[in-house]
Amino acid sequence: MDLTLKVWRQENAKAKGKFEKYQIKNISPDSSFLEMIDALNEQLIQDDKDPVAKEPVAFDHDCREGICGMCSLYINGRAHGPDEEITTCQLHMRKFKDGDTIVIEPWRANGFPVIKDLMVDRQAFDKILQSGGFISANTGNAPDANAIPIGKDKAEEAMDAASCIGCGACVATCKNSSAMLFVASKVSQLALLPQGKHESVKRAHAMIAKMDELGFGHCTNTGACEVECPKGISLDHIARLNREFLAANLMP
Amino acid sequence: MLKFLNSSIGKKFLMSLSGLFLLTFLLVHLILNSFILFDSSGALFNQAAHFMATNPIIKVVEPVLAIGFILHIFYAIILTLHNLTTRPVGYDKQKLGHSSSWSSRNMFILGLVVLTFLVIHVANFFWKIKFTGDELLEHGVVDGVENAYLLVTTFFIDWWWIVITYVIGSIALGLHLFHSVWSAFQTLGFSNQLWRRRLTLIALVVSIVIAGGFALIPLWVKISSML
């Protein structure tokens, strides 16, 4: 496949970025999207004719198995590109046509400043987690696995919430850059289980306060996050977060 | 409590409560307006309008309704202004149509259209009945019941653009409600897998009934006058 890439290039957080166009040839339809960018970077490094464009494109990636949440990229107007419930590393070039122009942008949000090119700083999510996304328990020997019986449906729902990999696609795709789906899944995964339940009020309070402080937008329930989430996390968790938060404030 | 009202969910909480309150007003308003369709002599509608204008309960609810409107508009502005600051650098290409409905993304614009319509609507009828009066209201007064029916129908029969304005206002309101009914319950925490489907269905029915109902009345009056 021969493609035209329109890639966002930005020297550092303070620099003013711009789009750069690249031509790339002979890409296998079976290669992943990140492998395609690897090929682009190889081409950029080995291209002697144009010394200015030699710097390879910086982008985030780690496991390339769709489970770490490190890759990002806003591809042709959609978070993680044109496929359902996948991360960018699981997106394959067969989703595009020969001769296509592909627009590749970093996540855009106040809470996610660009570090370089397509890499963004997602520490804001860590800060939200540090504010309350944990349980307080004595450490020691691991408790017996079945010491606390948990109903199947509750366990399943908690696991669904816990499948959030914190990639930030929800924020990136939301027209308001709201982090509600992320916060909701982190609140839900604990609030549904007995170990996390008795701190749920305090947790909802602290995490929402942190989310507001970090400059994320307000949720207007458009539901775009749920569609673009690579793990298909449901808006039902946002309803639970709202319940937890209202209970925390109206019935203290 | 102040801290709660300053939080993102706190502001949205007031937004959804005031919105649901305004929805109950719309339903009552539509029921009363529909009397225009059922009685072409206008007596039924005039009785209803007179009852609403003089009933002490309504007199108490009226300022509450005004507060509801003010809260809803005030928080819409506050929330939207903040949301406009959360993405300093925009995307070059964005395909939001894939993941969300048009009305959910344009609630503020739809709200502005509805508000513009509301100002026109209040100036047309409510203001005249309540404060300034109109000679049409004095036509054939029976037992002190003003002829609101004549005022309303004359307006629609005389001007096509008024009818078109009312139809546009109704459609904008319908699109606004289509997103807001489930959204309000979601913000209040009242939604799950099952109730989301039920509430979106209810939203569809409510928005069709309200938009269709309010649009039908001026069209009916205008068209039946031409027959």
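Reader: Hi! Which residues of H2(B) and H5(B) meet each other?

Author: Hi there! This is a predicted model, and in it Lys11(B), Leu14(B), Met15(B), Ser18(B), Gly19(B), Phe21(B), Leu22(B) and Phe25(B) are the residues on the H2(B) side. Across from them, H5(B) brings Leu65(B), Gly68(B), Phe69(B), Leu71(B), His72(B), Tyr75(B), Ala76(B), Ile78(B) and Leu79(B).

Reader: Nice. How many nonpolar, polar and charged residues does the contact of H2(B) with H5(B) have?

Author: That contact has 12 nonpolar residues, 4 polar ones and 1 charged one.

Reader: And at what angle do the axes of H2(B) and H5(B) cross?

Author: They cross at roughly 140°, and the axes come within 9 Å.

Reader: While we're on H5, I clicked on Leu81(B). Which helix does Leu81(B) lie in, and is it buried or exposed?

Author: Leu81(B) is part of helix H5 of chain B. It counts as exposed because it has 10 C-beta neighbours inside 10 Å, and the cut-off for exposed is 12 or fewer.

Reader: What separates the C-alpha atoms of Leu81(B) and Met15(B)?

Author: A distance of 14 Å, with the two residues sitting 66 residues apart along the chain.

Reader: OK, another pair. How do H7(B) and H9(B) pack?

Author: Helix H7 (residues 107-132) of chain B packs on H9(B) at an angle of about 140°, and their axes are 9 Å apart. That angle makes H7(B) oblique to H9(B). The crossing here is left-handed.

Reader: Which residues make that contact?

Author: From H7(B) there are Met107(B), Leu110(B), Gly111(B), Val113(B), Val114(B), Phe117(B) and Ile120(B). H9(B) answers with Thr165(B), Gly169(B), Ala172(B), Leu173(B), Leu175(B), His176(B) and His179(B). By class, the contact of H7(B) with H9(B) has 9 nonpolar and 5 polar residues, with no charged ones.

Reader: Let's zoom out. How many helices and strands does chain B come to?

Author: Chain B has 10 helices and 0 strands. Its C-alpha atoms fill a box of roughly 60 × 40 × 35 Å along the principal axes. Of its 227 residues, 30% count as buried. Among contacts in chain B between residues at least 6 apart in sequence, 72% join residues at least 24 apart.

Reader: And what about chain A, how many helices and strands are there?

Author: Chain A has 9 helices and 7 strands. The C-alpha trace of chain A spans about 65 × 35 × 35 Å along its principal axes, and 44% of its 252 residues count as buried.

Reader: Which domains is chain A divided into?

Author: Domain 1 covers 3-115, while domain 2 is made of 123-136 + 149-250. Their C-alpha centres lie 29 Å apart. Where they touch, 18 residues of domain 1 of chain A are in contact with 18 residues of domain 2 of chain A. The domain 1 side of that contact has 8 nonpolar, 7 polar and 3 charged residues.

Reader: Last topic: what is phi of Glu85(A), and of Asp117(A)?

Author: For Glu85(A), phi is near 50°, and for Asp117(A) phi is near 45°. Both values are positive, in residues other than glycine. Most residues other than glycine have a negative phi.

Reader: Where are they, and are Glu85(A) and Asp117(A) buried or exposed?

Author: Glu85(A) lies in the loop between strand S4 (78-79) and strand S5 (101-105) of chain A, and it counts as partly exposed because it has 14 C-beta neighbours inside 10 Å. Asp117(A) is in the loop between strand S6 (114-116) and strand S7 (119-120) of chain A. Asp117(A) is buried, with 22 other C-beta atoms within 10 Å.

Methods. Residues are numbered from 1 along each chain as its sequence is written. Chains are lettered from A and ligands numbered from 1 in the order in which they are written. This is a predicted model: local features need pLDDT of at least 70, side-chain atom pairs count only at pLDDT 80 or more; totals for chains, interfaces and linings use all residues. Helices (H or I, at least four residues) and strands (E, at least two) are DSSP runs, numbered from the N terminus. A residue is buried if 20 or more other C-beta atoms lie within 10 Å of its own, exposed if 12 or fewer, and partly exposed in between; C-beta atoms are placed from the backbone. Domain bounds come from an automatic or database domain assignment. Two residues are in contact if their C-beta atoms, placed from the backbone, lie within 7 Å. Ala, Val, Leu, Ile, Met, Phe, Trp, Tyr, Cys and Pro count as nonpolar, Asp, Glu, Lys and Arg as charged, and the others, Gly among them, as polar. Axes are lines fitted to C-alpha atoms, for helices over the stretch in contact, and angles run from 0 to 180 degrees between N-to-C directions. Angles under 35 degrees count as roughly parallel, over 145 as roughly antiparallel, 65 to 115 as roughly perpendicular and the rest as oblique. A crossing is left-handed if the near helix is turned anticlockwise from the far one by less than a right angle, and right-handed if clockwise.
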